[in-house]
Amino acid sequence: MIGFQLEMKTNKNMTNQELVQLFEALAAALKIKKADLFRTLAYERAAASIIHSEVEIKELWQQGKLTTLPAIGAGIAQHLDELFRTGKVKHFKEIFSGLPEAMFVLLAIPGIGPKTAYKLCQLLGIRKSHNAVKKLAKAAQDQEIRRLEGFGKESEQDILRGIKELNRLNTGRMLLPKALIISQELVDYLQKDKNTLKVESLGSLRRRCATIGDLDLGVASKNPAKTIAWLVKYKKIKQVLAQGSKKASVILFSGHQVDVRAQSPASFGALLQYFTGSKLHNINLRLLAKEKGLSLSEYGIKMVQDLEGKVQRFSNEQRFYNFLGLEWIPPVLRENQGEIQAAAKQQLPQLVNLGDIKGDLHLHSDFNTETSHDLGQSSFKAIIEQAISLNYQYIAFSDHSPSVSRHSSQEVVEMIKKRKDYFEQKISSNEKLLKKRKLKVLVSLEIDILSDGKLAIPEKAFAWLDFAIVSVHSSFRLSRTAMTKRVIKALTSHPKIKILGHPTGRILNQRQGYQLDWPEIFDCCLKEKKFLEINAFPDRLDLPEGLIKQAISRGVGLSINTDSHDVKNLSNMIYGVYTAQRGWAEPKDIINTLPWEQLKPILGIK
DNA sequence: GCCGTTTTCGGCCCGACTGTTTTCAGTCG
């Protein structure tokens, strides 16, 4: 977790995010108190496990299933039970006793760990959390820190830089496309050096996570030290944070931190594996290795028994996994969601790829539907030309429904009929081209789900639609029960409604999305033959991967759509595909991998 | 404090880099 205040205070209704902060704070406190190292590690693992949980921990508690979560055993389960019953945990209070609350705020500053945070609070007399960062910044500016024992001029500067970095982190992580662009420029630069043999992204970027913190790159190099020397000459570097013979950390003028690791080509496969993570994936891979008497590192694999410590090196990652008796695991799957077990049984999914996508069912055109939402920017013509260049077999114009507050029900019907006539006319005037390029154009609509679950268009208007998407665009704060009822009511209110658009409503870095009872939504989709969207817009990526995996395991079909509001957004499809891959999706799980003739009956089109 | 299809006890990942040190502790990934 970054940029958040770690939580010492507890209550009966703690969310997963708050619990993660609580457990990280507990681990930090245990480190100060020099508790058993492995007990500390256990709390850190519990925090990591909660981060990855798709269900609320409180719900698991209500169902008596706390210990089904990895890294939650009898001990922590008992503490959580006390927490959810009484809002307090006696044992946690003891762990925190005697520690200043301010130190847990300072921990959010990069470069400051538990020991340093504690020491600074003690030596500078910082106790309260609300102004801790401010007080620390002032002490650093007043050059007080360099006079403290164990600190110096450099560490004082580090603290100031860290506080600046904290403010940047608080503004949110980078969206995936931006991270890809910035890293590509640096990849191009690194490839210009004659020592460079190969450059690859590492970490969350290589796993194609929705948001990225720092950028990590790995270089296979004939001379790692020279590669690092070449890197720090990159003209977009604002500051070199650390530089050694194998790695360097730098900050770019854009404010983003980049970590680069260089290694000889003979060990490049091991380096890729090691720094791609995720952390939990690697921990479990190492446990598996250990069972076989092997030890993994970024240099390769060695026999634990081998006193000479000879390391079996791997130039390629595939052989690294094979050596452990596993299929190569695609980076998008390395999130400790059962991929290691699946790889051992040769049962990894055959992931969906961009090339499998045969059409886009959620596009906004510039036809003015007099909606309260954003209109599309591009014309019919521009969009079909782009669809043709992507080799699509079908697209659907799914503009927003007309605003209900500004139109009578009769006006809405007329508007939708007018829109149908407009598209019919456009389709027929481009008939030759569409036929030649085998592109089917559908007239759909993205209909608002009103707060009571009614639709923003009257029943009559469906006559002018081939099918429809429904989405929530308002009243995000309903209770889970009310929201679930609302969505199910809307989804099942007409047979032409086929897809639930951006199902969680999340906007990355901006809002969390609303609460839904997912098992109920999945059941509804199965029973009523409805589909969930994987919205490929980079700040949505919605469904998130965890729910994709659950939906697939229940047999619910999905549709990856770009929700394009401009012709250039059609290329965002790849981000939806990455997200689908992270949710273990195969082509058979995604309805728009079907050729038109097979999709047609699924959408109920004759 | 967690975990186990050889274990219910005895393991638990480890190397790079930095700063302030005279040989190492703290942080990070």
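**Exercise 1.** Determine which ring face Lys417 lies over, and at what distance from the ring centre.

*Solution.* The criterion is that NZ of Lys or CZ of Arg is within 6 Å of the ring centre and within 35 degrees of the ring normal. Lys417 lies over the face of Trp464, 5.2 Å from the ring centre. In a further case, Lys549 lies over the face of Trp584, at 4.3 Å from the ring centre.

This is a predicted model, in which local features need pLDDT of at least 70 and side-chain atom pairs count only at pLDDT 80 or more, whereas totals for chains, interfaces and linings use all residues. Residues are numbered from 1 along each chain as its sequence is written, and side-chain values use heavy atoms, with hydrogens and water left out.

**Exercise 2.** State how many aromatic pairs a search of the whole structure finds, and classify the pair of Phe397 and Phe423.

*Solution.* Rings of Phe, Tyr and Trp (its six-membered ring) pair if their centres lie within 6.5 Å; planes under 30 degrees apart count as stacked, over 60 as edge-to-face and the rest as tilted. The search finds 21 aromatic pairs. Phe397 and Phe423 are 4.7 Å apart centre to centre with 20° between the planes, a stacked pair.

**Exercise 3.** Decide whether Phe397 is buried or exposed.

*Solution.* Buried means under 20% relative accessible area, exposed over 50%, and partly exposed in between (1.4 Å probe, protein chains only). Phe397 has 0% relative accessibility, so Phe397 counts as buried. Phe423, also at 0%, is buried.

Definitions and conventions
Chains lettered and ligands numbered in written order.
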